[in-house]
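Hello,

Here is the structure for you to look over. My notes on its pockets follow below.

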Amino acid sequence: MQYPIRRKLRPEDARRSNLALVLQAIKGTPQLSRADLARATGLTKVTISDLVAEQIAADLVRESGTSDASRPGKPSTLLELNPHGRDVLAMDLSAPDRLRGAVISLRGEPILTRERPLNGAVGEPALAAVRALAAELAAAATRPILGLGVGTPGTVDTTGTVLSAPNLHWSTVPLRELLEGDLGLPVRVENDANVAVLAERRIAGGPDDLVRIQLSRGVGAGLLIAGRLVHGAASDAGEIGHVAIDDSGPQCGCGKLGCLETWVSVPALTARIAADPEHREWALAEAGHRLGLALAPVVGMLGLQRIVVGGPPEIVGDALLDAARDCIVECTRSQFRPDLELTASALGTDAVLLGAADLVLLGELGVT
């Protein structure tokens, strides 16, 4: 009988885990003393003192004053994450006509943003534009850079390779490897809808079970179950844009007929409205109904109560949202099912950027 080989826990693994505990506690509850940290993490005071001293020297943590609590003895020195200790770079490749990037503080606040028009570029020219924007962001940073997070359309594997992004005409593009080679920085690459749903949970206070639909160049979904991102067996969980819902519909960029994307993506909807502006609300409602048809089985199977839709405000309005909600409710009606909450994202156009920055914080510091 063969037994699985268990990897021995190395001292550096334990130290990294302890450091993540400390930084997460400081980020989640500012104004903690060293003694507070010891109680919150269960680590010894000696370990806390060592880790805090290391992070103060690295400019990631700073002392922010003393406690005014009425306790015997010397007042405690309070700690906080230094929002200016590092810059985080983030990029959003999801828009149909431009790339967006930002330099973001450790507190999650955009310091500056940059945009680069695509002018219809796909394939190698689009990749060149991505690399140029990354270099521009790195040059604009004024502090040491923690890393770069990228939210991109398409299927992305665990190595940061974009396996397929039909609308960008990308296939097996090693995006993480290329950008790390260009910048000499840690890079995290994830599907745009996946990073957006992370932002919805952390920043907008979404529940642990949540779907976020991303309407942009294509249509994607990020899915959280019990607070964990679902990737799927082939890293393609959430690729609902290429689920065929109408076999008599128009041909999609992926080659199939009648994909959801041909009805609900921003370019498809914009073109349909431009061709018949007098029936704009009808076109949006019809798109919402098609979105509801695609989502109803997901809601029914997983028992979801909350769906968030992100995209341009002129698209993600009452006509589309009401039609999608009505369709899902009608298809999944049950005396046991709670009322469905389907709303527009409160994060506007920044969800992918903020979620991409979170990828870096999680990957490099172990904090969210």
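The lining of the largest pocket splits into seven nonpolar, seven polar and eight charged residues. Here Ala, Val, Leu, Ile, Met, Phe, Trp, Tyr, Cys and Pro count as nonpolar, Asp, Glu, Lys and Arg as charged, and the others, Gly among them, as polar.

This is a predicted model: local features need pLDDT of at least 70, side-chain atom pairs count only at pLDDT 80 or more, and totals for chains, interfaces and linings use all residues. Numbering runs from 1 along each chain as its sequence is written, and side-chain values use heavy atoms, with hydrogens and water left out.

A pocket is an open set of points on a 1 Å grid over the protein atoms alone, where a 1.4 Å probe fits, with protein on both sides within 12 Å along at least five of seven lines; lining residues have an atom within 4 Å of a point.

**Largest pocket.** 22 residues line it. Nearest its centre lie Glu190, Leu198, Leu229, Leu359 and Leu362. Strand S11 (187-191), helix H6 (192-202), strand S14 (228-229) and helix H11 (351-365) each give two or more residues to this lining. H11 has the largest share, four residues. Helices (H or I, at least four residues) and strands (E, at least two) are DSSP runs, numbered from the N terminus.

**Second largest pocket.** The lining has 20 residues, with Asp236, Ala237, Gly238, Glu239 and Ile240 nearest the centre. Strand S13 (219-225) and helix H9 (280-302) each contribute two or more. H9 gives the most, three residues. The lining divides into twelve nonpolar, five polar and three charged residues.

Best wishes
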